[in-house]
Amino acid sequence: MSSFPANERQSVIVHVAVPLPLDAPFSYRVPAPLAPAAAVGRRLLVPFGRRKVTGYVLEVVDDDGRELRDVLEFLDDGPLFTPDELALYRWASSYYLHPLGEVIKAALPAGINVQSRRGRGLEGDELTGGRSVKTERVYRAVAGVPETAPPPGKASVLLAHLTERGQESAPELRRLFGECSVQLRRLRELGFVEMAEREIYRDPFRTETFGHDCPLVLNERQTAALVRLRAALDAGRFTPFLLRGVTGSGKTEVYLQAIAHCLEQGRSALVLVPEIALTPQLVSRFRRRFRCGVAVLHSGLSDGERFDEWRRIRRGEAAIVIGARSAIFAPLADLGMIVVDEEHEGSYKQGEGFRYNARDMALVRGKMAGACVVLGTATPQVTTWHAVAGGKLECLDLPERVNGLPLPSAEIIDVRGARGHILHPRLAAEVEANLARGEQTLLFLNRRGFSTWLTCEECGHVLRCPNCQVTLTYHQGRNRHICHYCDYAVPAPSMCPGCGCGRIIHLGLGTEQVEAYVREHFPHARVDRMDRDTTARRGGHARILRKVAERQTDILIGTQMVAKGHDFPGITLVGILSVESTLNIPDYRSAERTFQLVTQLIGRAGRGDDPGRVLIQSLNPDHYALAHAVAGDMDGFYGAELAFRHETGYPPFAHLAALCLSGTAASAVERTSELLAARLRELRRDGGGRVEILGPAPAPLAKLRGRFRRQILLKAAGRTALHRLVCRIRESFQPPAGVRLLVDIDPVDLM
């Protein structure tokens, strides 16, 4: 926290956003002694009711004599965001209809905000929060040796080392000489050595080692794509691209060489990935290639590490940032290029709170910065492909794998009527043959846990979560039944909770059960499982990926995180055990998601010298999404899907907004949803535009984390009419106490 000297400047007024669910900014007076510090982007402490809260300066104006409360103090030595970054925050707040203060809070590193703990009045409140800067002690030899002789022994050795090196950190001295605090203190007392504190960064790469690699030779199609990207960078204006490349076509190498050209121009680059599981491989490759400073931002870092990475970026010490969706707010100066890898992934959309889409915001930020934006994927979103057809994006195609490697062969196994087999005999035989050849296998199932539900054969009782409208998943390793939405858990019962009999059975397949089956039937195989349970600990993703890369794993079992951009050269066989959980969800994007998932999984096989094979077990083998994925017929799938979307009025032929009401009383939520729908129809008649109102209806997950949920879906051909109606309903409709209204613009998940 900073204090500033008084001077001649008069007091000013600042308009301040606070990180609370309030739309309007608040005005405060900055007393004359603090007025020189007032600037857009400054973080300050302000009185708010009976509390003290963090605020962010949006504007500074002359004092007009209004009676206002005074700013308490400024919290940093300078602005935390620039006017250009504020413009991005304002756009996000306006488009996603979310309070600006909460948008800014989401954009800044976690843990820096402070507020009073209790509302006991401003004088007695205890302030909590705030992220501290990490420091370490540094010792240096004093110029001009004192007349007294240095102490003998270790102290003399320490002094000689410091004299030679100039200075050394305390941790390094301990590493070299063991415990030496007594000797250092004595040298300071005698005037031979002085001590200082210096700021250090918490390094998320401290356990990693990086070598160096050189740019690879590109094939003809990669070269053509790179030439076009370099031309766009040279032009220095916003140019959006779709880099559509089959899995293994070398998209990452094109990114790397295009970013190198961007850095040569003195500009910075941002690379977004959909999951932190992808980050270790990508960061390792970037740090081997570039020496300009690479920063990483994602939720797998501690708050302190994210804070330090953010400060490195702000200070210009990192020209490349790699991260998940929140990295879209990275404070990069002179941004020249944004890459959105695996642009089709739904995880770019924030699912709670401030529901922004980092993929879409990349295009907006690129336009504001005059940057080149590359959306890269093997399976573009249907809306992206439609934008290419409409001339809004330029498509760069990489239709072949590097080095001319063939795409894997894929086949659907009809498992209707084949109950009781986790692996169909055909797939089991292929796994056995793959092991005999010393090759690696990937088995995919998008359900973690051992079994998805428990039931009683006597009374039919099903073990359900009391907080959510879902069954509890059995996790054998923990011997507990767990809700994957709210983490409610109970010990696995040996008797039926409903009737007390012992005839309870587990149904439904999860990755734990697949692992147990594989270990039993292939006892000599080295087996690993990659899902949220096995990667929960720090470094879990990297550990499993390293074992696969080093051929220490024969069979890898995983959920959808294994399908996202990983390069496994040794995997020649992929078995997809079920796609029904994706294909049958009640969502207009279910076919698109299934096509993308299966295509991506097919691409995990045969990326090395040996050809790949893919077997897909399905109860719905004739579905067009599967047929097109197996045939590699991307254009055919997009044609069929666009025809379906046009007929039913879904994106890209309409824009959506979801209004979700939730509360602990089902009757109150139902009553409020009916009132909200009636008010929407009234506003639509009163000049609200041509907006289709669907609902209210129970959400597919009608109860979640103890709250009953109903939703209304709004559809419109144009964004303007949709936004106008949602803005008017937010201004004119206030849910009763106990009921929350959540607005989701451009929803990607209607569950």
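Author: One convention is needed at the outset: angles under 35 degrees count as roughly parallel, over 145 as roughly antiparallel, 65 to 115 as roughly perpendicular and the rest as oblique. Please also note that this is a predicted model.

Reader: Thank you. At what angle do α1 and α2 pack?

Author: Helix α1 (residues 83–96) packs with helix α2 (residues 100–107) at an angle of about 125°, and their axes are 9 Å apart. The two helices are therefore oblique to each other.

Reader: Which residues of α1 and α2 make the contact?

Author: From α1 come Leu86, Tyr89, Arg90, Ala92 and Ser93, and from α2 come Leu100, Val103, Ile104 and Ala107. By class, this contact of α1 with α2 has seven nonpolar residues, one polar and one charged.

Reader: And is the crossing of α1 and α2 left-handed or right-handed?

Author: The crossing in which α1 passes α2 is right-handed.

Reader: Let us take another pair. How do α3 and α5 cross?

Author: Helix α3 (residues 154–165) and helix α5 (residues 181–189) cross at roughly 70°, and their axes come within 9 Å. That makes α3 roughly perpendicular to α5. On the α3 side the contact is made by Lys154, Ala155, Leu158, Leu159 and Leu162, and on the α5 side by Gln183, Leu184 and Leu187. Six residues of this contact of α3 with α5 are nonpolar, one is polar and one is charged.

Reader: Now the sheets, please. What is the order of the strands in the open sheet of seven?

Author: The order is β13-β14-β12-β15-β16-β11-β17, and the pairing is parallel. β13 (294–297) and β17 (394–398) stand at the edges with a single partner strand each, so one side of each has no neighbour in the sheet. From one strand to the next, the twist averages 20°.

Reader: How many bridges join β12 and β15?

Author: Strand β12 (residues 268–272) and strand β15 (residues 335–341) pair in the parallel sense over five bridges. Leu270 has Ile338 in β15 as its bridge partner.

Reader: One more strand, then. How many residues of β19 are buried?

Author: Five of the five residues of β19 are buried. Gln440, Leu442 and Phe444 point one way from β19, whereas Thr441 and Leu443 point the other way.

Reader: Which strands pair with β19?

Author: β19 pairs in the parallel sense with strand β27 (residues 571–576) over five bridges, and with β26 in the parallel sense over four bridges. Leu443 has Gly575 in β27 as its bridge partner, while Thr441 has Ile555 in β26.

Reader: Finally, what do the buried residues of α13 pack against?

Author: They pack against β19 (440–444), β21 (473–475), β25 (527–530) and β26 (555–558). The buried residues of helix α13 (residues 511–521) include Thr511, Val514 and Val518.

Key: Residues are numbered from 1 along each chain as its sequence is written. This is a predicted model: local features need pLDDT of at least 70, side-chain atom pairs count only at pLDDT 80 or more; totals for chains, interfaces and linings use all residues. Side-chain values use heavy atoms; hydrogens and water are left out. Axes are lines fitted to C-alpha atoms, for helices over the stretch in contact, and angles run from 0 to 180 degrees between N-to-C directions. A crossing is left-handed if the near helix is turned anticlockwise from the far one by less than a right angle, and right-handed if clockwise. Contact means heavy atoms within 4.5 Å. Ala, Val, Leu, Ile, Met, Phe, Trp, Tyr, Cys and Pro count as nonpolar, Asp, Glu, Lys and Arg as charged, and the others, Gly among them, as polar. Two strands pair if DSSP finds at least two bridges between them. Buried means under 20% relative accessible area, exposed over 50%, partly exposed in between (1.4 Å probe, protein chains only).
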